[in-house]
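Dear colleague,

I am handing over to you the structure shown below. My notes on what was found in it follow directly after.

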Amino acid sequence: MLEVQALTKKFGGLLAISDLSFRVEKGIIFGVIGPNGAGKTTLFNLISGIDRVTSGRIGFNGVDITPLKTYQFSNLGIGRTFQNIRLFPNMTVEETLRVGQYKNHTGLNLLGIRAKEKKLKEELDGLLELLNLGDKRDHFAGELPYGHQRLLEIGRALAGHPKLLLLDEPAAGMNEHETEILGEKITRIKELGITVIIIEHDISLVLGLSNRVMVLQFGKKIAEDVPHKIQKNPFVIEAYLGKGEEETHYVVG
Amino acid sequence: MIQQLINGLLLGSTYSLIAIGYTLVFGVLKIMNLAHGEMFMIGGFLGILMVKLWNLPLPLALLGATIAAGLGGLLLDLVCYRPVKKTYFLAPALSTLGFGIVLKDLVVNLAGSEPQVFPAALLMGDFKIGPVLVSSIQLLVLALALALMLGLDWLINKTELGRSMRATAESETTAKILGINVNRVTILTFVISAALAGAAGVLIGLRLGKISPFIGSTIGIKGLAIMIIGGLGNLRGAFVSGILVGILELLTSVYVGAIYADVIAWTLLIIVLVMRPQGLFGSKINVDRV
């Protein structure tokens, strides 16, 4: 599904990602953890086409995607959410999901698209149900409670039929109950056959959900394994898990 | 009085069309398109020439001028917007200003600096509705202006293109992540905006009976003031303010003196900027662009 080889990203003199290689198999949930500034969001920005790689290759289903334009990443089947939620505050929930469906119907809606329109409507209803946002369809995105905004952003990404979904700290700012619901939703998404890569500071959530976990520090991979082994890796405990609980999580873009 | 209100409404509806073109580009791309007035002039000019030189019927001339101005918008995007560094916010505004000046000089050199006059045959008869005298041209202008504005409203709110324009307006990066080809949206924004200006040019030409090559810097630039009065990037605000300015101008020219009419838009602009800088109907700019 995703094959990252010798990936490097420099911002001026700063080495954000350094010679990073890993593979993500189809249909799994792949967790990425690491302290702030480890390069996790930069990694997502490279995989989703927001930033250009300095060197290295990102293979998606066998195709090198690094030379593509940003909007083409979505058309290939890569969807994402953002650490700092990026909804369109002046659009309703329904309109937000319609924008997410963008690539599924290009051009103006004129003739002969009735059947397709019906299918899109059905998909939209399905998404609203999956995310428990059915009674919010006409609410403005900017007016939703925080937890719902996070779900809506996931829904917007799902509306584009991603094969790979990148979730950047989806549980940030959620309470325990909301996090639990989120975990169920992510499992449902995996069951739909969508591969998920998740960056998350909530360590129990990420270890509980993921099939494999990668640990980043200073842009380098320091460990990658199944969750219960990651938990016991001494390097990981020292670098991240040991001080994870009390730490204030400053958000780094 | 009612007569003046109606006349003002008619004048205002063409102002609205011009202001909406500015607003569309500003709302989606966050730039002042300072060539917009010239697109409006080109539309009016071509409309008249098509009728005069080729004897085209008015609807065809209107369509032709609208399409030609739309192509002008395409050129504007390719020459003045896409190659220019957007990180310096003044750069696209200045390049469009230059584009406008080139257009104006081109027209003056090719056709002379005298206004082009609509053939009298086109200026159809007047009729009365109750005590109010209305000309057929005025009715046509109003109906077309309204139809264009309703069409635009539908486009922005109900179509996929409209949604992708609004997504681009809120954040280009996020729009791209959702698979929206922002370059395509940008082109279409310029084309639609310029096409509206072109149509407005023909409509104003019908009203005035003539179009001067310099009208872009008089009436055209007034649209910019009207956009700011209504609220930057606010389409409905631009529409209502256009009508408002039209009516106030008419009342001023009747009850105060015609030479003061042109003062209205600018005076209103200053008052709004001092008292209510976000515009009468509020600005819709998204400040937290990433």
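**Two helices of chain B**

In this predicted model, helix H5 (residues 136-158) of chain B and helix H8 (residues 182-208) of chain B have axes that come within 9 Å and cross at roughly 170°. Angles over 145 degrees count as roughly antiparallel, so H5(B) is described as roughly antiparallel to H8(B).

The residues through which these helices meet can be listed from each side. H5(B) contributes B:Ile137, B:Gln138, B:Leu140, B:Val141, B:Leu144, B:Ala145, B:Leu148, B:Leu152 and B:Leu155. They meet B:Ile192, B:Leu196, B:Ala199, B:Leu203, B:Leu206 and B:Arg207 in H8(B). By class, the contact of H5(B) with H8(B) consists of 13 nonpolar residues, one polar residue and one charged residue.

**The interface of chain A and chain B**

I turn next to the contact between the chains. Chain A gives 23 residues to this contact, and chain B gives 23 residues. Between them, the two chains bury about 2,300 Å², with 59% of that area on carbon and sulfur atoms. On the side of chain A, the residues that lose the most area to chain B are A:Tyr71, A:Phe88 and A:Tyr102, which together account for 29% of what that side buries.

One salt bridge is found between chain A and chain B. B:Arg166 forms a salt bridge with A:Glu95, and their closest N and O atoms are 2.9 Å apart. In general, side chains of opposite charge can pair when their charged atoms come close. Five residue pairs are found in polar contact across the interface of chain A and chain B, with both residues at pLDDT 80 or more.

Which elements of chain A give two or more residues to the side that touches chain B? They are helix H2 (70-76) and helix H3 (93-100) of chain A. The largest share, four residues, comes from H2(A). Sorted by class, the side of chain A that touches chain B has nine nonpolar, nine polar and five charged residues.

**Salt bridges over all chains**

Over all chains, the structure holds 17 salt bridges. One of these joins A:Lys118 to A:Glu122, with the closest N and O atoms 3.7 Å apart. Where do A:Lys118 and A:Glu122 lie? Both belong to helix H4 (residues 114-130) of chain A, where they are four residues apart, about one turn of the helix.

With kind regards

Key. Residues numbered from 1 in each chain as written. Chains lettered and ligands numbered in written order. Predicted model: local features only at pLDDT ≥ 70, side-chain atom pairs only at ≥ 80, totals over all residues. Heavy atoms only, no water. Axes fitted to C-alpha atoms, helices over the stretch in contact; angles between N-to-C directions. Parallel < 35°, antiparallel > 145°, perpendicular 65-115°, else oblique. Contact = heavy atoms within 4.5 Å. Nonpolar A, V, L, I, M, F, W, Y, C, P; charged D, E, K, R; others polar. Buried area = accessible area lost by both parts, 1.4 Å probe. Salt bridge = Lys/Arg side-chain N within 4 Å of Asp/Glu carboxyl O. Polar contact = N/O pair within 3.5 Å; in protein donor to acceptor, adjacent residues only side chain to side chain.
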